[in-house]
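Biologist: I'd like a close look at one part of this model, please. Take it slowly and spell out your cut-offs as you go.

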Amino acid sequence: RPSQAFIDDFLAFWKVISRLGAFNSLSQTLLKITCPGVPDIYQGTEFWDFSLVDPDNRRLVDYDQRRQAMDEALAILDEKHPKTAQANLAGLLSSLPDGRVKQYVMSAVLRFRAEQPEVFHQGHYIPLELTGTHAGHGVAFLRHWEDVTVLVVVPRLCHALGIRRNEPPCGKRIWRNTAILLPPALKGAHFENLLTRQTLRPGLKDSGRIAMAEILKDLPVGFLVAHRAV
């Protein structure tokens, strides 16, 4: 029988690793849906999945639970008041262990993908450069087709960002001066984060870059639509 000291030590370690794993899962989920290629989502993996291989990944799926979470996700996406939507989204992030925030990200991005399929079927993939303190801890790229441009942003190697206990990899304290360099074609554009309902308007002085702290202010991943200046 393992000692209580070992169990206590292991559980403390598990709490740290499981949170980092959840942030990695959000990054992988968004990349899977937006990178070139066909996204493959296995049944039941709308929440965090801890399966190994067959037959472990063939366990019964609680579809009622997922339908309820889907309804909650769509309600946030359809909420007309951005502040209410942001408050509900904060609730999903605060209950990170239940995995509903993962399904929310999937719901939002797959809905946009269904509305704008050409962006992902035929659109260009344009990798972007990051600068600043944590430039090596983020991935950003554009998917562009005709007059539609989306910006995808995810963190990587979150364990090295100095995240405090129960803190997500979000905001100014984490990202400091880290920024994404934008192509000249997006100079003067503003960006709508479809996940957080936040609108970002880089000033003229900073129109060639956009701060990671602003994109990842309320959620560890970002999915933004660029709107040209008029």
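Biologist: How many salt bridges does a search of the whole structure find, and which residue forms one with R100?

Modeller: First, the ground rules: this is a predicted model, where local features need pLDDT of at least 70 and side-chain atom pairs count only at pLDDT 80 or more, while totals for chains, interfaces and linings use all residues. Numbering runs from 1 along each chain as its sequence is written, and side-chain values use heavy atoms, leaving out hydrogens and water.

The search turns up six salt bridges (a side-chain nitrogen of Lys or Arg within 4 Å of a carboxyl oxygen of Asp or Glu). R100's partner is E72, with 2.7 Å between the closest N and O atoms. They are 28 residues apart and tie together distant parts of the chain, R100 sitting in helix α4 and E72 in helix α2 (residues 63-78). Helices here are DSSP runs of H or I, at least four residues, numbered from the N terminus.

Helix α4 (residues 100-115) also packs on helix α3 (residues 82-94), at about 130° with the axes 7 Å apart. Axes are lines fitted to C-alpha atoms over the stretch in contact, with angles from 0 to 180 degrees between N-to-C directions.

Note on methods:
Helix = DSSP H or I, 4+ residues; strand = E, 2+ residues; numbered from the N terminus.
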